[in-house]
Amino acid sequence: MSSARLDVAVSENAELGEGPTWDPAAGRLIWVDILAARVHTYDPVTGHRTVRTTEQHVGAAKPRAGGGLVVNLRDGIGLYDPDGAFRWLVHDPEPGRRGNDAAVAPDGALWAGTMRYDETEIGGSLARVAPDGGVTPVLPVVACSNGIGWSPDERLMYYVDTPTRRIDVFDFDGENAVNRRPFATIEEGAGFPDGLTVDADGAVWVALWDGAAVRRYTPDGSLDRIVELPVRRPTACAFGGTDLRDLYISSARVGLDAPHPLSGSLLVLPDAGQGMPGTPFAG
């Protein structure tokens, strides 16, 4: 794939843009700027945008079934009601740690990752957060918990711990993820796997931090497509739009001495494939 088809959905200087997520009920895309503590929304039909500032660094923001947002913050999992009121669902502060990427499973539970600010290799985790706030540790020791997604038949879960350079896959029974094994490995020099999404064909799309690309891997783990990008640090990707055919790509400019002018913007690849409807958080 050529980068010539790319467009700019939202021109922005996000420090660490992350986690694009389509909200079908509102017809908008949600994404975050982690280090600026901001949650952005974008309506591709009208161009309308909103920005909400959170009191802590925000690793992810996902729609809730009853409206509002669930957010993976520095000190735990928070809930925003439709009227903007905030409350903690899980408050579990740990010095030097923050929330990172998260995803909502088909059953409506939130799978939320963490990492340490100093990126210590044993400082992060992955946990399942039930709608009532019950927390089940899944991976208690990871470095940088990142992309999470499920296959169309809901029998597989894909996961990225970025420094491993791998996308791993688990067997999934609707609530538990077991039998972790490598699905695809990013070769040295091609960047590091970050956020991911799974399309309707069961293929995995992954953004490559420091790789200036998004890749698509078929269900058997074969590299199928490479979307070259002008930005060095794409962070995550997700299908959006009313028909879920446009691939939105978030990006970052943090740590770059001479970032590309589009670094930090939200990019879009029109008609890239067919996405799957997401599930809102049931809490």
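Hi everyone, let's start with the largest pocket, which holds about 830 Å³ of space. This is a predicted model, in which local features need pLDDT of at least 70 and side-chain atom pairs count only at pLDDT 80 or more, while totals for chains, interfaces and linings use all residues. Residues are numbered from 1 along each chain as its sequence is written, and side-chain values use heavy atoms, with hydrogens and water left out.

Lining residues have an atom within 4 Å of a point. Points are joined across faces, edges and corners, and the volume is the space filled by probe spheres set on them.

So who lines this pocket? The lining has 43 residues, and Val104, Met276, Pro277, Gly278 and Thr279 lie nearest the centre. The elements giving two or more residues to the lining are strands S2 (17-23), S6 (58-63), S10 (97-104), S14 (145-150), S18 (192-198) and S22 (234-240). Strands are DSSP runs of E, at least two residues, numbered from the N terminus. S2 gives the most, with five residues. By class, the lining has 25 nonpolar, 12 polar and six charged residues. Nonpolar covers Ala, Val, Leu, Ile, Met, Phe, Trp, Tyr, Cys and Pro; charged covers Asp, Glu, Lys and Arg; the others, Gly among them, are polar.

The second largest pocket has a volume of about 450 Å³. Its lining has 20 residues, with Arg98, Met115, Glu119, Cys144 and Trp209 nearest the centre. S10 and S18 each supply at least two of the lining residues. The classes here are 11 nonpolar, three polar and six charged.

Now to strand S4, residues 38-42. Why is S4 described as largely enclosed by the rest of the structure? Because four of its five residues are buried, meaning under 20% relative accessible area with a 1.4 Å probe, protein chains only. S4 pairs with S3 (residues 28-33) in the antiparallel sense over five bridges, and with S5 (residues 49-53), also antiparallel, over five bridges. Pairing requires at least two DSSP bridges between the strands.

The S4 and S5 hairpin has six residues between its strands, with Gly47 at a positive phi near 80°.

Last stop: Asp75, in the loop between S7 (69-73) and S8 (76-80). Is Asp75 buried or exposed? Asp75 is buried, with a relative accessible area of 9%. Its side chain makes a polar contact with the side chain of Arg74 at 2.9 Å. A polar contact is a pair of N or O atoms within 3.5 Å; within protein, one must be able to donate a hydrogen and the other to accept it, and residues adjacent in sequence count only if both atoms are side-chain atoms.

Leaving aside neighbours within four places in sequence, Asp75 is in contact with Gln56, Trp88, Val90, His91, Asp92 and Pro93, where contact means heavy atoms within 4.5 Å. Gly76, in S8, counts as buried at 11% relative accessibility. With that same exclusion, Gly76 is in contact with Val71, Trp88, Val90 and Asp92. Thanks, all!

Key: Buried means under 20% relative accessible area, exposed over 50%, partly exposed in between (1.4 Å probe, protein chains only). On a 1 Å grid over the protein atoms alone, a cavity is a set of points where a 1.4 Å probe fits but cannot get out, and a pocket is an open set with protein on both sides within 12 Å along at least five of seven lines; lining residues have an atom within 4 Å of a point.
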